[in-house]
Each structure stands twice: as structure tokens, then as C-alpha cells.
Amino acid sequence: MKKILLLGGSTQQIPAIEYANKQGYYTVLCDYLADNPGQDYAKKFYCISTTDKDAILEVAKNEKVDGVVAYASDPATPTAAYVAEKLGLPTNPYKSVEILAFKDKFREFLRENNFNCPKAKGFSSLESAKEEINQFTFPVMVKPIDSSGSKGVSKVEKVEDFEEAYKIALDNSRGKNIIVEEFIEQDHEYMVGGDCFVLNGEVVYWGFLNCHRDPKVNALVPVGKSYPLLISEDRVKQVKREIQRVVNLLHIEFGGFNVEAMIDSKERVFLIEMGPRNGGNMIPDFLKMIHGVDLIGATVEATIGNENFQLKQKSKSGFYVTHNLHTDKDGLFQTVKYKNGIEDKILKEVIYKKKGDSVQYFDGANKAIGIVFFKFDTQEEQMNFTKDPENWVEVIIKQVI
């Protein structure tokens with residue numbers, strides 16, 4: 001029986017555990033939270049942080065695992081590569097995974113290899129950042145180098161607001177390091193995002209989606225995805241070419257990658273992120289609805305060296321949307337109210353919270369209350385929803401005085 005070590009047991013990571021169980025694999029889970037929901041699905045659980053590389057390595061050695069999976073988890077991806085490399089298990093190079101997992105390393109890699117890249121620099125102290133901030137052209141983006149889901153990210157319009165943004169980023173950085181980047185002005189409405197999958201050094205599946213934000217709550221945090229993609233085929237080819245070039249240069253062999261890219265008015269492609277893991281917010285589930293591909297299964301199988309899986313896409317008709325349920329205030333979750341007949345368009349609803357659970361203002365993807373998947377018959381219906389989702393979906397919150 002194959003034994004698989006899975007790093008992370010959040011609600012969004014349970015599908016990977018479930019897949020491995022269904023295949024008859026023995027599942028070992030590590031998570032730093034003692035009350036993580038994934039432990040109820042795994043065969044064995046260790047309460048260990050997935051960023052503690054040496055502790056995870058000891059678990060992997062003792063359990064004699066055949067593969068290590070960091071499904072939909074940025075912090076765990078370097079650990080998975082480190083452990084697998086030490087044990088001679090299937091993996092991408094640890095150094096390459098680190099480059100993709102840390103924003104400062106990724107920007108340096110892009111710059112050194114002549115990719116389009118905004119002026120950017122990492123800082124470990126506020127004093128040094130303040131000394132150099134006037135060398136940047138505003139607006140700038142201030143980010144933790146090691147967070148995901150836009151946690152701790154700010155757009156800063158003027159130098160007077162920089163210090164506060166720095167502190168917000170620092171609070172959300174595990175390693176207490178931040179990066180400052182000059183802002184890129186894209187000339188298309190939605191950022192290009194989604195997942196791709198690499199096998200034998202080639203991208204064999206492209207799952208591009210439109211990335212949506214909610215400027216009425218937080219313009220920087222992803223609030224959902226939609227399909228079909230709303231950029232030209234020529235631009236899609238440009239994005240594909242740049243991603244494949246990253247794969248080649250970093251000697252990536254296999255796995256799911258979560259990507260974000262944008263194109264400016266000069267037709268320059270900027271790779272914003274290329275996370276070495278499957279996307280969060282149930283992107284693989286969404287792409288399976290659209291294309292019929294099983295990225296979850298492919299991820300698990302590839303980590304044990306099994307390449308007997310199919311990723312041939314069979315696009316289905318229709319116009320698809322995911323919407324991350326969220327709120328603009330703190331309080332206690334009550335219910336989700338669907339309006340104007342939108343219930344008929346729901347494919348799947350996943351609610352993370354129970355009535356009475358505490359919820360917070362949506363300043364990061366980790367503050368999502370749930371995800372709803374929709375399918376529309378026409379693009380007009382789809383656009384009507386994505387332009388004003390609050391007309392169709394209302395999250396009811398009880399504020400605590």
C-alpha cells in the first residue's frame with residue numbers, strides 16, 4: 001500500500017485526502033492546528049507545523065512515505081520539496097520551489113532572466129525601506145514575501161501612507177520580510193489566473209480563468225473566478241509562452257501551479273505569481289466542472305511517480321462563475337440569502353461557517369465564509385452577476401456591539 005504524507009488539513013485541502021483514501025493509499029496528515037478538519041479524514045495525524053521542514057522530514061522517515069503532497073498551500077510547498085528531495089522521492093528542485101514560493105526570490109529570478117518585471121525590492125526593516133522608498137515611482141504595492149490569498153497586501157498611492165502599509169505586510173509575514181513593487185497598470189478588465197499542470201517538463205494543461213475582485217469591500221483580494229477567459233488568443237499564447245519559459249529555466253518536472261498574470265498597454269506580459277501548488281478557493285474543483293480534468297488526482301498521483309492519469313480537457317458549454325462569500329464587517333454569521341432567482345444557477349455551495357460563528361472583514365482569502373459555484377446560460381447573465389454580485393447574493397451578519 002502506498003503511503004502519502006499530506007501537508008495541511010484545512011477544509012479546502014480535504015479533497016486531496018479524500019482522493020488518496022479512495023485510491024486505497026494510506027494517508028498521513030500534518031497540520032499545526034489541533035482542531036483542523038482534515039484529521040477526521042486522514043488515517044494518521046501529527047500536530048506539526050507544515051513549515052517545520054526537519055520535523056516533517058522525521059515524520060516522513062518514520063512513516064516511510066512514498067510521496068509528499070502540499071495541496072493548495074503556499075507555506076507547505078518548500079517543505080514538501082525539501083522532504084521529498086532528502087528522501088529521493090518525486091519532486092521538483094527545492095531551490096526552484098523556493099524561488100516560486102517567495103515573492104522577493106521570484107522577482108529577482110524574473111529580472112535576471114529578462115522577464116517583464118516591475119521595479120521591486122525586498123526589505124527586512126522599516127528603516128531601510130523608508131530610506132529607499134523615494135526611489136520608487138508611486139503607486140506601489142507592499143506585500144509580505146511569504147503570504148497567499150492577498151493577505152497583508154496594500155496599494156500605496158503616496159509616501160505618507162507607506163509606513164502603515166509596511167506594518168500591515170509585516171504582521172502577515174511569517175519571516176517578517178516584505179517586498180515593495182511598482183504598480184503595473186493592466187489594460188484588460190480582469191487579471192488572468194487559474195491553474196496549469198506540468199508533466200515531464202511541459203505544461204500539458206492550461207486552466208486559465210478571469211480573476212474577480214470586489215472594490216466595494218477590498219479591491220486587492222480575489223473574490224471569485226469566471227470562465228471563459230476574456231482576453232484575445234494572441235495574448236493567451238504570450239502568457240503560455242512566458243509560463244513555459246519559467247518551467248524550463250527552473251527545471252520543473254511535474255505538478256499543479258497556480259498562476260496570475262497581466263498584460264499592459266504595451267503588450268508586455270507580467271507574471272505576478274506562479275505558486276508551486278494547486279490554487280486555493282477550490283480552483284481545481286471549478287476547473288473539473290468546466291473541463292472535466294481531475295487536477296487533485298493528478299497532483300496526488302504525480303507525487304508518487306504515477307503518470308497514468310488523463311488531463312485532456314473537454315470544455316463544456318456554458319458560462320461559469322465562482323463567488324467567495326464574504327463580508328465588509330466583523331460579526332456573527334447568520335445565513336446566505338439568494339435573490340432574484342439566482343438559486344437556479346447554483347452548481348455547488350460550500351459554506352465554511354455555521355450560524356453564530358465569528359466572521360471578519362474580508363481583507364484576505366482566509367476570511368472567506370464559503371464558495372458558491374454558478375453556471376449561466378449566456379454571457380450576459382454571467383456578466384450581470386459578476387458586475388454586481390450583491391444584487392444576487394447577500395451574506396447576513398449579526399454585528400456584536
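**Cavities, a sheet and an arginine**

Tutor: A search of the whole structure, which is a predicted model, finds two cavities of 30 Å³ or more.

Student: What volume does the largest cavity have?

Tutor: About 290 Å³. The second largest cavity has a volume of about 40 Å³.

Student: OK, and which residues lie nearest the centre of the largest cavity?

Tutor: Val68, Asn92, Phe254, Pro276 and Thr303, out of 22 residues that line the cavity.

Student: What about the second largest cavity, which residues line that?

Tutor: Its lining is made of Asp74, Pro75, Pro78, Ala101, Phe102, Asp146, Ser147 and Arg174. By class, that gives four nonpolar, one polar and three charged residues.

Student: Switching topic: Arg277, where does that lie?

Tutor: In the loop between strand E13 (269–275) and helix H9 (283–291).

Student: Does Arg277 count as buried or exposed, and why?

Tutor: Buried, because its relative accessibility is 10% and the cut-off for buried is under 20%.

Student: So what is Arg277 in contact with, leaving aside neighbours within four places in sequence?

Tutor: Ala70, Ala72, Ser73, Asp74, Thr77, Ser148, Gly256, Phe257 and Asn258. One of those, Asp74, also lines the second largest cavity.

Student: Now the open sheet of four strands. What's the order?

Tutor: E5-E8-E6-E7, and the pairing is antiparallel. Strand E5 (120–123) and strand E7 (154–156) are the edge strands, each pairing on one side only. On average, neighbouring strands here are turned by 25° against each other, direction ignored.

Student: How many bridges join E6 to E8?

Tutor: Five, between residues 140–144 of E6 and residues 178–182 of E8. Within that pair, Val140 stands opposite Glu182 in E8.

Student: Which helices lie across those strands?

Tutor: Helix H5 (residues 103–112) is one of them, lying across E5, E6 and E8 and running at about 40° to E8. Helix H7 (residues 162–171) lies across E5, E6, E7 and E8, at about 25° to E6.

Conventions: Residues numbered from 1 in each chain as written. Predicted model: local features only at pLDDT ≥ 70, side-chain atom pairs only at ≥ 80, totals over all residues. Heavy atoms only, no water. Pairing = 2+ DSSP bridges. Helix = DSSP H or I, 4+ residues; strand = E, 2+ residues; numbered from the N terminus. Axes fitted to C-alpha atoms, helices over the stretch in contact; angles between N-to-C directions. Contact = heavy atoms within 4.5 Å. 1 Å grid on protein atoms, 1.4 Å probe; cavity = no way out; pocket = protein on both sides within 12 Å on 5 of 7 lines; lining within 4 Å. Points joined across faces, edges and corners; volume = space filled by probe spheres on them. Nonpolar A, V, L, I, M, F, W, Y, C, P; charged D, E, K, R; others polar. Buried < 20%, exposed > 50% of the residue type's maximum accessible area, 1.4 Å probe, protein only.
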